[in-house]
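Hi everyone, and thanks for coming along. Please have a look at the sequence and the structure while I talk you through them.

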Amino acid sequence: MSWIPFKIGQPKKQIVPKTVERDFEREYGKLQQLEEQTKKLQKDMKKSTDADLAMSKSAVKISSDLLSNPLCEQDAAFLEMVTAFDTAMRRMDSFNQEKVNQIQKTVIEPLKKFSSVFPSLNVAVKRREQTLQDYRRLQAKVEKYEEKERTGPVLAKLHQAREELRPVRDDFEAKNKQLLEEMPKFYSSRIDYFKPSFESLVRAQVGYYTELHKIFGELAARVAEPRPGDEQRERQHDARLAELRALSIVADD
């Protein structure tokens, strides 16, 4: 990261110690990385909650379609099982919506608010950089007159250049000092800021899957019966398919 985009009018004097500039670049670099990570996490959380909602809505759609299938009208036992399945899917969708709402409120919204602070920070850094360029330009101007023969006009211009330099130098030093003090504090604050959000995320997931365990436990108890193994089920399907293919309406010409 370089804070000197061009070399025109650069002073000979090192106006900002290299150690100070390295410290500034290091601290600002950490905040740039934090900004990128925060935006990525916010985007990933939104994708995750959207996918969760789509999953539970699809499950309700499937159970609803099964419930309206004519097969249910002909088989009371099948109707009872599908009704229990549909009830379970709707309960799951309801708890999933509660979980997503909680995550939106306690995780995604705080991430969004945290991200909204970075534009102001970046503006402060740009102002510091612009002031530094003005500082360098005016320092170079002072050095130019200091190197000239000390005539009356030159001394007058030197005095004027020094007067122009003083407030710009003070402004830069104030901006630089403030950023060097506050950037580490801002970076350190991320832990206390995000900890409650991440704790809420864990609690929301634990609560949801605890309810899900109950829902599917109750569903399993209602539909429990001896189930055929995979090979037996495949043989049953093949036998039924063979019976269908034996019908004249699907026979090959």
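How many helices and how many strands are there in the protein chain? There are 6 helices and 0 strands. By helix I mean a DSSP run of H or I with at least four residues, and by strand a run of E with at least two, numbered from the N terminus. Read along the sequence, then, the pattern is α-α-α-α-α-α.

Before we go on, a word on where this comes from: the model is predicted, so local features need a pLDDT of at least 70 and side-chain atom pairs count only at pLDDT 80 or more, while totals for chains, interfaces and linings use all residues. Residues are numbered from 1 along each chain as its sequence is written, and side-chain values use heavy atoms, with hydrogens and water left out.

Let's start with the overall form. The C-alpha atoms fill a box of roughly 115 × 50 × 30 Å along the principal axes. The radius of gyration of the protein chain is 35 Å, whereas a compact globule of 253 residues would have one near 18 Å. That radius is taken over C-alpha atoms, and the globule rule is 2.2 Å times the number of residues to the power 0.38.

Of the 253 residues, 30% are buried. Buried means under 20% relative accessible area, exposed means over 50%, and partly exposed is in between, using a 1.4 Å probe and protein chains only. Now contacts, meaning heavy atoms within 4.5 Å: among those between residues at least 6 apart in sequence, 81% join residues at least 24 apart.

Next, how the helices pack. Two packed helices are described by the angle between their axes and the distance between the axes. The axes are lines fitted to C-alpha atoms, for helices over the stretch in contact, with angles from 0 to 180 degrees between N-to-C directions. Angles under 35 degrees count as roughly parallel, over 145 as roughly antiparallel, 65 to 115 as roughly perpendicular, and the rest as oblique.

Take helix α1 (residues 18–67) and helix α3 (residues 76–115): their axes come within 9 Å and cross at roughly 165°. So α1 is roughly antiparallel to α3. Their crossing is left-handed, that is, the near helix is turned anticlockwise from the far one by less than a right angle; clockwise would be right-handed.

Helix α3 also meets helix α5 (residues 152–223), with axes that come within 10 Å and cross at roughly 180°. These two are therefore roughly antiparallel as well.

And which way does helix α4 (residues 118–147) run against α5? The axes of α4 and α5 come within 8 Å and cross at roughly 155°, so α4 is roughly antiparallel to α5. Here too, α4 passes α5 in a left-handed crossing.

Let me finish with two residues. Gln 97 lies in helix α3 and is partly exposed, with a relative accessible area of 27%. Leaving out residues up to four places away in sequence, Gln 97 touches Leu 53 and Lys 57. Gln 97 and Lys 157 are 60 residues apart in sequence and 72 Å apart in space, C-alpha to C-alpha.

Gly 207 is found in helix α5, and at 33% relative accessibility Gly 207 counts as partly exposed. Gly 207 and Lys 99 are 108 residues apart in sequence, yet 8.0 Å apart in space, C-alpha to C-alpha.
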